[in-house]
Amino acid sequence: MTGSHHKPSGDKIEPVVDWLQHRELSDRAPRLAAAPAWRNRQLWRWVAALLLLLALAVVVFRAPLANVLWPDMRVQRLLDEAGQALAQGRLSAADGSGARQRFEAAQALDSDRSEARDGLARVATDALAQARDHAQADRFEQARQSLALARELQVPRAAADAVADQLRRREAAEAGLDDLVRQAESARAGGDLQQALTLYQRILVLQPSHTLALEGREDALADLLQQARASLAKGDLPDSYQTIARARDYDAGHADLPELQALLGRVIERHRLQADRALRRGKLEVALAGYRQVLSASPQDAVALQGVDRVAVAYAQQATRQAADFDFTQAEASLRSARGLAPQATAVKQAEQSLQRARQSRLRLASSLPAAERKHRVEVLLVAMQQAGARGDWLTPPGESAYDKLRAAQALSPDVPEVKRAAARLVPTTQACFEDEMRANRVRRARGCFDAWQALAPADGRLQESRRRLSLKWIAVGDEQLGSGRVEFAAQALHEASELDAGAPGLAEFARRVRNAQTGGN
């Protein structure tokens, strides 16, 4: 053969698939679909729980939700409840379920709707009818309550007065006015004026024009006011004041009242002047009793109230003097009296400090020191006294003031000439300090100088006049600051002036202006 014939090899050759092509085919292959979300049991559990909570909230808060979302529904509900209460005769109820309360609640929610106004008018009409029915049936207490409700809801006055007249006539017939008159006359004859007046008043409520009751009450009041006159003659202000007040309650127009009230005023003034006189003489207990007598008959008496404050200051000053003499038992007693009357007063606080200083001085005096050491300490104290005075620290701070340093030096060596000279110099120094500060209108510093002067020489006869001058200065400065709108400073000035001299001229007028400024003129 001229050509050779090629036989295929015995090895089988498999086709090779490209890997990119394989990936493309695999991507096109159908996949198993995921389960839909609505078939998720966990999701349905959460949905069910949420729905349950919403349902529960609707049940629990259905009324508030309805009120917020549908206010008209609440108004209509109140009107329906009011109509039902009106139909049942429950016109008013303390628990709010009455027709009146329901109609008023509906009106408060929607004042433009006429149903509530009309409903209240029906309540008023029904209340008047109930009052008439109760009076006819002699149920007097119920009749009075229904009539009061009708008047509150403004029924026509003539209609209400007619029912009131009917009620009085029925009550008078039931009560037996003739019998009440006999009881009142018997009580008056027996001296029980209070019982007699009560009975006469009851009769006149039922029948205002009852002649015998009017005459009997007039006579009983005359007897009562005669008792007040006798109490005034004895100086018994509390009893006379209360008796006159009772008579005024029964008949404020009684002919004898003006004369008795004027007499009461004169007796009050006499007690007030006696208390002032006792205070000036240092009879503090007598003065306090007098002021309290005045207050028992006139609780708002400004002069008596200021007098009590002045007694407190006097007790505090007395405690200071007793402490300076190392009479601690009496000083404590005086201080207790002052605290009981005016615990926050400046004079009381100063007395407390004075007592503390005196106790410290007594302790220093009791201590035994060598003569040289004692002399050295006295010299140091006198120098410190001069330095404190130069700073204006006459009484404060406690323990470091000029007064404290002098007292300490006196406690150590009271008979040393240098100490005596220092004490003699300090009194006129404080007086000069007071005058200088007064001329400069520095009232706070003037008060410090005055207090030091008073502590050093409590029996000085010039103190009283200086006290009044300082009080007047406080009033003047406070009035000037009040005109500039500084009400708080003016109030403090009023306090200082009152504490120094409660009877200072112009103090009452200044106090009135300060109060008007504090209340805005109301």
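Colleague: Which side chain meets Arg 310 in a salt bridge?
Modeller: In this predicted model, Arg 310 takes part in a salt bridge with an N to O distance of 3.8 Å. Arg 310 lies in helix α15 (residues 302-324) and its partner in helix α13 (residues 257-280), so the pair ties together parts that are 34 residues apart in sequence. The partner is Asp 276.

Colleague: Is Asp 276 buried or exposed?
Modeller: Arg 310 has 24% relative accessibility and counts as partly exposed. For Asp 276 the value is 11%. Buried means under 20% relative accessible area, so Asp 276 counts as buried.

Colleague: How many residues apart in sequence are the parts that Glu 352 and Arg 339 tie together?
Modeller: The side chains of Glu 352 and Arg 339 form a salt bridge at 2.8 Å, N to O. Glu 352 belongs to helix α17 (residues 346-366) and Arg 339 to helix α16 (residues 328-341), so the parts tied together are apart in sequence by 13 residues.

Colleague: What is the relative accessibility of Arg 339?
Modeller: Glu 352 is partly exposed, at a relative accessible area of 30%. Arg 339 also counts as partly exposed. Its relative accessibility is 33%.

Colleague: Which residue forms a salt bridge with Arg 442?
Modeller: The closest N and O atoms of this pair are 2.5 Å apart. Arg 442 is partly exposed, with a relative accessible area of 41%. Its partner counts as buried at 7% relative accessibility, and that partner is Glu 437.

Colleague: How many salt bridges does the structure hold?
Modeller: Salt bridges that share partners join Arg 447, Asp 451, Glu 496 and Glu 499 into one network. For the structure, the number of salt bridges is 17.

Methods:
Residues are numbered from 1 along each chain as its sequence is written. This is a predicted model: local features need pLDDT of at least 70, side-chain atom pairs count only at pLDDT 80 or more; totals for chains, interfaces and linings use all residues. Side-chain values use heavy atoms; hydrogens and water are left out. A salt bridge is a side-chain nitrogen of Lys or Arg within 4 Å of a carboxyl oxygen of Asp or Glu. Helices (H or I, at least four residues) and strands (E, at least two) are DSSP runs, numbered from the N terminus. Buried means under 20% relative accessible area, exposed over 50%, partly exposed in between (1.4 Å probe, protein chains only).
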